[in-house]
Amino acid sequence: ITPVVAVSACLLGRPCRFDGTSKPCEQAMQLARYCKVVPICPEVAGGFSIPHPPCEIEAGTRPVRVVDATGADVTQRFHAGASRCLEQLRDADCRVAVLKSKSPSCGSGQVYDGSFTGTLVEGWGVAAALLRDAGVDVLDETQVDRLLEPLRRARVAHNAGEQGARA
Ligand code: SF4
């Protein structure tokens, strides 16, 4: 069975960030050698155009409120995009995701605090939290080795087994 991993599209080099840039991550891109990779971008899925004003979760809001740098409330679009991404994962039978850290959609454990001053607080992006609560194992781009190493070992063992069978 080929493992399936969802990955933030910006980590795969897609220029889908709010400012039209990407955040290519070599290790995340290497996953495609060993797995089926499902690229996701909750903000594009939520209908945001690129570029668009930066967005942040207002610290301490429950339920979370997401605003953009102009002060507009964009919470519903974040929820809509997160729900569409969860559907993508379910369609692909995917239970692991590597998501971009610190993003108001994709961040896991730390996000900016809504002041647009670069201040980080504990918290989860809207899509990352939805996936986590649905049972998806959510990692960020600093944790890809946790996936890559076992996949590499499995590949080596598989190749060694095939050579043994041919000998
Ligand atoms: Fe990357 Fe997630 Fe932001 Fe899309 S929403 S650009 S995938 S961090």
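The dialogue below takes up confidence, the ligand, the sheet and some single residues in turn.

Student: What should I know before reading any detail?
Tutor: Residues are numbered from 1 along each chain as its sequence is written. This is a predicted model, in which local features need pLDDT of at least 70 and side-chain atom pairs count only at pLDDT 80 or more, while totals for chains, interfaces and linings use all residues.

Student: What is the mean pLDDT of the chain?
Tutor: pLDDT is the predictor's confidence in each residue, from 0 to 100. Where pLDDT is low, the predicted coordinates should not be read in detail. Here the chain has a mean pLDDT of 96, and 99% of its residues reach 70 or more. For the complex, the predictor gives an ipTM of 0.99 and a pTM of 0.95.

Student: Which residues are around the ligand?
Tutor: A residue is near a molecule if its C-beta atom, placed from the backbone, lies within 6 Å of it. The residues around the ligand include Ser8, Cys10, Cys16, Arg17, Glu43, Lys100 and Cys106. By class, this shell has six nonpolar, three polar and three charged residues. In this scheme Ala, Val, Leu, Ile, Met, Phe, Trp, Tyr, Cys and Pro count as nonpolar, Asp, Glu, Lys and Arg as charged, and the others, Gly among them, as polar.

Student: In what order do the four strands of the open sheet lie?
Tutor: Strands of a sheet pair through backbone hydrogen bonds, either parallel or antiparallel. Strands (E, at least two residues) and helices (H or I, at least four) are DSSP runs, numbered from the N terminus, and two strands pair if DSSP finds at least two bridges between them. In this model the order is β2-β1-β5-β8, with parallel pairing. The edge strands, β2 (36-40) and β8, each pair on one side only.

Student: How many bridges join β1 and β2?
Tutor: β1 and β2 pair over five bridges, and Ala6 has Val38 as its bridge partner in β2. Strand β1 (residues 4-8) also pairs with β5 (residues 96-99), over three bridges, where Ala6 stands opposite Ala97.

Student: Where do the cis peptide bonds occur?
Tutor: One runs from Ile50 to Pro51, with omega near 0 degrees; Pro51 lies in the loop between α2 (42-45) and β3. Another joins Arg62 to Pro63, again with omega near 0 degrees, and Pro63 is in the loop between β3 and β4.

Student: Is Asp93 exposed or buried?
Tutor: A residue is buried if 20 or more other C-beta atoms, placed from the backbone, lie within 10 Å of its own, exposed if 12 or fewer, and partly exposed in between. Asp93 counts as exposed because it has 10 C-beta neighbours inside 10 Å. Asp93 lies in the loop between α3 and β5 and has a positive phi of about 55 degrees although it is not a glycine.

Student: Why does Phe116 count as partly exposed?
Tutor: Phe116 is partly exposed because 14 other C-beta atoms lie within 10 Å. Phe116 is found in the loop between β6 (108-112) and β7 (120-124), and its phi is also positive, near 55 degrees.
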